[in-house]
Structure formats: structure tokens, C-alpha cells
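This report covers selected local features of one protein model. The sequence and structure come next.

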Amino acid sequence: MLRLLRRWFKHKIRTGLPFLRSPEIGHSRFLVARFKDPRAAGFFRHSRRFELDYRLYLPSGSSRRDSLPLIVMLHGCRQDPLSFAEGTRMNTLAEEDRFAVLYPAQSKRSNPLRCWNWFESASLTGQGEVGLIARLIEQVTVRRPIDPRRVFVVGMSAGGAMACILAVRHSRLFAACAIHSGVMYGAASSPLQALDAMRSGPSAASIDQARRLVCEVGESEVMVPTLVIHGDHDTTVNPVNADQIIEQLKARAESIDPSAGELLASDERCIDGGGHTYRQQDYAQRGRITLRKVLVEGLGHAWSGGDARFEFNDANGPDASRLILDFVMQYQREIRRIVAARAG
């Protein structure tokens, strides 16, 4: 009997069928699964490099008839989907506001600290780990009750760096993006450069290289509206990185649609966040907000307004999860072709 139970348990993990439920919310589903890249062929289809564990949260009462928004949450170093979900409380908000949440999981095999390898050359070209995440999102969007017009990517720290790459290299997947305590696309191309960029911001050479990488992106790409959140007391990822992300994406938006003119910056607003005060500035093109920067005063390298029982979370407001939802849910992307029928 014990052997049969073990085989059943392993089968559930391998096939991705739901076998766990959220301990907080009855009848909701917090599914555990493993994605195997269908593009891997021959000998390589058995390589773990082409696999990605993940969790998917579906709110209670959801069914195949639904068309839910999807928030893709990319955790930071020394985090995993469970700690990230608990710390950000995103599943609780998903239950309240009815959306799905996807949590890709970096493995210790790929990085001992569970950091996403955002600086690798393959990722910078949209392949590698970035391409694997993108194909996971595509599969989940087709197989689950997801509205493909409302898929949003969110990341913290190393996950924020990956979110930025995804929004540039796979822009047609996403309606909006949010980067918390992250770095710009192309800020580094090696682990040593990554550490330097985190501590002091990207070098002039890295910025030039990033500019060339952005120019390589095909003409079919689109600008993904992006929210950037950072703490002004962050000693792990220097707050100058937030400014660099904004400058890079501002230039990108203006180059994608030159006829729309420059992005115009609003006056900076100082807002009481229910704990920390934060400064907010918007950048608009043709009257549409394309970028928003939120700098939280007194916040270190932590998710603002998170559950402090988990590492890299600050209980003081503002609530970053709510700020992110309020921003991204304004947007939806155009679908220019019929989405394949969902299966499974």
C-alpha cells in the first residue's frame, strides 16, 4: 500500500494534476506541476534544463468557462513560490479580485541560491531560462481558464530583472509589467558584472551594450507598460537601478512609436503609504501612462507591505501587491489572431 501511495504522489507531481489546496481558502486550488519544454527533442528532452517546476493559484469557484487575468510572479534569490506567495499575499488578493497567479520556481540545480540567471547570454536574447518561462506562460494560458489579453509579469530582485527581460524580449505575451527592486535589461552579462550592477548600478559600458541589445529586438515587439518600485534604503540593489530601468524603457517606448512623441513626466507626488511615505512619478505618451516609478522612503531590499514573517518582506506600507494590481489591471493587450482552443 505504501508503495502505491508513493507512486500516486509522484504521478501527481509529474503530470501537474492538482493535489494540494491552499490552507487559507477553501475550494481554491494551489496546483503543483512541472513544465517540460515541448521544443526539447531527442536526447535533450530528458535534461532538467528544459524543465521548470511551478505553482498555479486558481481562485475558488473558477472553472473552464472563466477567462481570468493571470499574474506571473517571479521570486527573488533565496525565495521559492511558497514563501513568495505568502510574503506578498498575492493569493489572498487573487481570491478577492478573482485572478490566477503563476509562480515559476528556480531550482537549486540551476542556481544554488535560487536566483534567476538574468545575466546569462541566452536569457538576454530571450532564450535560456527566459524562453523557458515564456513557453510555460504560453502553455498555462492555453490550458487554463486564462484571458490572454490580461497576462501580467511581476518580479522581485532577480525576478524583477527577469520580468524586465520578458517584457522586452517576449513583449507580445504581456499587457503590463511590474519590477520591484530589480535591474534594467542588459545591466550585466556575467555574475561579476551582475554584482557590480546591483551594488552601484550598471556601468557605462553595460548601458551601451544594453542599448544595442534593445535595438536588436524585432520590429514586431511592443512597449509593455511598466511599474518600477524600489526602496531608497536598499543596500542590496542600489536604487539608481530604478532610474536606469525608467530611462531604458522610456527610450524604448519612444523608439517603438516615434510618431507618438516623447514620454512626458508628471510632477512627483509624495504619498502617505500607511507606514513608509513614497514618491510617485508617471510618464505618459499620448495621454496614456506608459511608465510609473514608485520610490519608497526608508524601505530596504524587501517587498513593501509584505508579511514580515518571511524574509525579504517589510510589513510597513505601502502595499506593493495592491499598487501593482491597481497599475497592471488598467491594461490589456490586443489579440491579432485566434487563440488555440484550450485543452486539458
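This is a predicted model: local features need pLDDT of at least 70, side-chain atom pairs count only at pLDDT 80 or more; totals for chains, interfaces and linings use all residues.

R78 is not a glycine, yet its phi is positive, at about 60 degrees.

S181 also has a positive phi of about 60 degrees, and is likewise not a glycine. Its place is the loop between β6 (176-180) and α7 (191-200). S181 is buried, because its relative accessibility is 1%, and buried means under 20%.

## The disulfide

How many disulfides does a search of the whole structure find? One. The bond joins C77 to C115, with an S to S distance of 2.0 Å. It links distant parts of the chain, 38 residues apart. C77 lies in the loop between β3 (68-74) and α2 (81-88). C115 lies in the loop between β4 (100-105) and α4 (121-124).

The link of C77 and C115 is right-handed, with 130 degrees about the S-S bond. C77 is partly exposed, at 23% relative accessibility. C115 is buried, with a relative accessible area of 11%.

## Other cysteines

The cut-off for a disulfide is 2.5 Å. C164 is buried, at 1% relative accessibility.

C270 is exposed. Its relative accessible area is 57%, and exposed means over 50%.

## Helix α3 against helix α10

Helix α3 covers residues 90-97, and helix α10 covers residues 320-328. Their axes come within 10 Å and cross at roughly 45 degrees. That angle makes α3 oblique to α10. The crossing of α3 past α10 is right-handed.

Which residues make the contact? From α3 come M90, L93, E96 and D97. From α10 come S321, R322 and L325. By class, the contact of α3 with α10 has three nonpolar residues, one polar residue and three charged residues.

## A cis peptide bond

The peptide bond that joins G317 and P318 is cis. Its omega is about 10 degrees. Where is P318? P318 is in the loop between β13 (313-314) and α10.

Note on methods:
Residues are numbered from 1 along each chain as its sequence is written. Side-chain values use heavy atoms; hydrogens and water are left out. Helices (H or I, at least four residues) and strands (E, at least two) are DSSP runs, numbered from the N terminus. Buried means under 20% relative accessible area, exposed over 50%, partly exposed in between (1.4 Å probe, protein chains only). Axes are lines fitted to C-alpha atoms, for helices over the stretch in contact, and angles run from 0 to 180 degrees between N-to-C directions. Angles under 35 degrees count as roughly parallel, over 145 as roughly antiparallel, 65 to 115 as roughly perpendicular and the rest as oblique. A crossing is left-handed if the near helix is turned anticlockwise from the far one by less than a right angle, and right-handed if clockwise. Contact means heavy atoms within 4.5 Å. Ala, Val, Leu, Ile, Met, Phe, Trp, Tyr, Cys and Pro count as nonpolar, Asp, Glu, Lys and Arg as charged, and the others, Gly among them, as polar.
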